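Please walk me through this model in the viewer, one selection at a time. I would like to know what to pick next and what is there.

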Protein chains: 2
Amino acid sequence: MANHLPVDRLRRGLCTRCRINDISVYNVRKYLSNVGFLYVAVSSGFNIPMKLTCRDCSLAELCLPRALSPDDMEQFETMVDQRPAMARGNFLYQTGDVFGGLYAVKSGSFKTTISASDGEDQVTGFYLPGELFGFDGFDDHYSCSAVALEHSSVCELPLSSIDQLVVKLPNLRRELDRLMAREITTDQSMLLQLSRRTAEQRLAAFLVSLSLRFRQRGFSGTELRLSMSRYDIANYLGLTAETVSRLFKRLKEHHLALVNGRTVIIQDFEALHRQVHGSGGR
Amino acid sequence: MANHLPVDRLRRGLCTRCRINDISVYNVRKYLSNVGFLYVAVSSGFNIPMKLTCRDCSLAELCLPRALSPDDMEQFETMVDQRPAMARGNFLYQTGDVFGGLYAVKSGSFKTTISASDGEDQVTGFYLPGELFGFDGFDDHYSCSAVALEHSSVCELPLSSIDQLVVKLPNLRRELDRLMAREITTDQSMLLQLSRRTAEQRLAAFLVSLSLRFRQRGFSGTELRLSMSRYDIANYLGLTAETVSRLFKRLKEHHLALVNGRTVIIQDFEALHRQVHGSGGR
DNA sequence: TGGCGCGCTTGACTTACGTCAAGGACCGGC
DNA sequence: GCCGGTCCTTGACGTAAGTCAAGCGCGCCA
């Protein structure tokens, strides 16, 4: 397994194999100790002191500012707050909190959940580096809670900044609208998933989506490390952890994917993809 | 049954019992012929020639412009296009159409649907007078199709107008953000419904929501006329038409609601409400 | 490095809801 | 007022996925 190192990307803050974007010796140590396999056999280049700007950030092409011209970008950067890293399981915000702003994942990953009156939760989304979340809060209060799935960090775009920026930067407003529409579209396609697809198809769709998003971020699209538990996956897909477990077993038997704990090796992406769209649901 | 007539509201374009907002002799005749029970035993006051302004519209307190000051409202009105009425079953827009703008229901009702690659549809929402839809289109193309469920009409807020107005009217932008966030929140609470609630709970939630929204619009909250088919309801709730039918029967047996064709009489709202939140799902 | 607990797996059994099929009611058009 | 089609209802039956329970093992912490 390649220990071929994309040093320049690392310098800019991101290892293409891991999910580290805000580099510091502490974080890397911490991260490495969590990672099962060691793609990062790094020597130097770690304790670069830095306050990342968006232009430096390796996620720039994926993240919100990608719609901005260099001039706009400069204005934009001054409005973005970098938040301290968070430990796994910590809440970034909770249901009912006053809307503070939007968040972009800088490193790690998050889940958002809503809770029913009886206390039961529903996972509504997983967010990877470069992805924006918090749109549900625009109605004054967040309707979801956001939880770090691993050691993670975010950039914050505070509400006050948004109000100022959208007037000055029409491109930013349009990009925000676009992202919000995409949030709606993905939620709605989940509605279709939940009501018209079999458990098998849902899991296949989940893996395909993750694979594509990882690849987009420069990670491997075939060897993934899941940051969420079986329970989270099951909940997100409207299933139980037992069912997910059995399905993973079936994927293994059919040589579509090899799942071992939280490591997933996708063996036959095409077949998985076919399964998603394949021959109707229930 | 009262033929007590809210004439002033009718003058302004809305009968509180029916769903007529854009009054013309033609429309009323057309509508009456579709309605099973005749609340509207109207004599005069029908063929009022009018181009409704938002200030005249009886839906003003519910619709988008409610966030606007009188001055703002005047600017806003000039940008809104009134579309000709549409027959049942007609598309306002279809999946993939270039985003033209947002729509507010003026009379009648609409459903939005997405379709899977295999051609199967999923109903993602129902929209009543005063409700805004089309947000999914902000990402350049509509990801849903919008279909009139009965003889209906809409007001259009074209994209070009939105771009101009949001700069001039910050309150409008905030209201749009709020509505968009609400769309996200309702979609996500549907995710919870679909994955964690029994068929019975889903249908109860559907009826409770409809009842509240009808009441908000000045219609009866206890005697509803559904504009959507059993198939649509079932599809929206992730069930089959057969199951919905059986559930309606059960509601009748338990004296919670009386359902006859498309007429629903809610007998015990509280009990229905309890059923929604009651003692966990599956 | 070793111990403990949570998260995962596996099997046996249950059930809510879907599927299939047939008949009935309503509605709109001629 | 009759006829055709669509929408709705009802019953019999099947099954995908849930529930319950028990054991295993990874990974986290001391």
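## Stop 1: a loop residue in each chain

Select B:Asp140, which sits in the loop of chain B that runs between strand E6 (132–133) and strand E7 (145–148). The model is a predicted one. Phi of B:Asp140 is near 75 degrees, a positive value in a residue other than glycine. Most residues other than glycine have a negative phi. B:Asp140 counts as partly exposed because its relative accessibility is 41%, and the band for that class lies between 20% and 50%.

Now select A:Asp140, in the loop between strand E6 (132–133) and strand E7 (145–148) of chain A. Its phi is near 75 degrees, again positive in a residue that is not glycine. With 40% relative accessibility, A:Asp140 counts as partly exposed.

## Stop 2: chain A as a whole

Chain A has 282 residues, and 56% of them count as buried. Take the contacts in chain A between residues at least 6 apart in sequence: 72% of these join residues at least 24 apart.

One pair to pick here is A:Asp232 with A:Lys111, whose side chains meet in a salt bridge at 2.9 Å, N to O. A:Asp232 lies in helix H7 (residues 230–236) and A:Lys111 in strand E4, so this pair ties together parts of chain A that are 121 residues apart in sequence. Are the two partners buried or exposed? Both A:Asp232 and A:Lys111 are buried.

## Stop 3: the contact between the chains

Bring chain B back and select the residues on either side of the contact. Chain A contributes 44 residues and chain B 44 residues. Together the two chains bury about 4000 Å², with 55% of that area on carbon and sulfur atoms. Within the area that chain A buries against chain B, A:Gln188, A:Leu191 and A:Arg196 supply 16%, more than any other three residues.

Across this interface there are 12 salt bridges, and 16 residue pairs are in polar contact. On the side of chain A that touches chain B, strand E4 (110–115), strand E5 (121–127), helix H4 (159–168) and helix H5 (170–196) each supply at least two residues. Which of these elements gives the most? H5(A) does, with 19 residues. By class, that side of chain A divides into 14 nonpolar, 14 polar and 16 charged residues.

## Stop 4

Select A:Asp163 and B:Arg173, whose side chains meet in a salt bridge at 2.3 Å, N to O. The pair crosses between chains, from helix H4 of chain A to helix H5 of chain B. A:Asp163 is partly exposed, with a relative accessible area of 23%, whereas B:Arg173 is buried at 8%.

Next select B:Asp118 and A:Arg197, which form a salt bridge at 3.3 Å, N to O. B:Asp118 is in the loop between E4 and strand E5 (121–127) of chain B, and A:Arg197 is in the loop between H5 and helix H6 (199–216) of chain A. B:Asp118 counts as partly exposed at 32% relative accessibility. A:Arg197 is buried, with a relative accessible area of 3%.

## Stop 5: two helices of chain B

Select helix H4 (residues 159–168) and helix H5 (residues 170–196) of chain B. They pack at an angle of about 115 degrees, with their axes 5 Å apart. H4(B) brings B:Ile162, B:Leu165, B:Val166 and B:Lys168 to the contact, and H5(B) brings B:Pro170, B:Leu172, B:Arg173 and B:Leu176. Six of these residues are nonpolar, none is polar and two are charged.

Stay on helix H5 of chain B and select B:Asp177. At 7% relative accessibility, B:Asp177 counts as buried. Its side chain makes a polar contact of 2.6 Å with that of B:Arg173. Leaving aside residues up to four places away in sequence, B:Asp177 touches A:Phe138 and A:Met180.

## Stop 6: a strand residue

Finish at B:Thr112, in strand E4 (residues 110–115) of chain B. B:Thr112 is buried, with a relative accessible area of 2%. Beyond residues up to four places away in sequence, B:Thr112 touches several others, among them B:Tyr93, B:Thr124, B:Phe133 and B:Cys144.

Terms used: Residues are numbered from 1 along each chain as its sequence is written. Chains are lettered from A and ligands numbered from 1 in the order in which they are written. This is a predicted model: local features need pLDDT of at least 70, side-chain atom pairs count only at pLDDT 80 or more; totals for chains, interfaces and linings use all residues. Side-chain values use heavy atoms; hydrogens and water are left out. Contact means heavy atoms within 4.5 Å. Buried area is the accessible area (1.4 Å probe) that two parts lose on being put together, summed over both. A salt bridge is a side-chain nitrogen of Lys or Arg within 4 Å of a carboxyl oxygen of Asp or Glu. A polar contact is a pair of N or O atoms within 3.5 Å; within protein, one must be able to donate a hydrogen and the other to accept it, and residues adjacent in sequence count only if both atoms are side-chain atoms. Helices (H or I, at least four residues) and strands (E, at least two) are DSSP runs, numbered from the N terminus. Ala, Val, Leu, Ile, Met, Phe, Trp, Tyr, Cys and Pro count as nonpolar, Asp, Glu, Lys and Arg as charged, and the others, Gly among them, as polar. Buried means under 20% relative accessible area, exposed over 50%, partly exposed in between (1.4 Å probe, protein chains only). Axes are lines fitted to C-alpha atoms, for helices over the stretch in contact, and angles run from 0 to 180 degrees between N-to-C directions.
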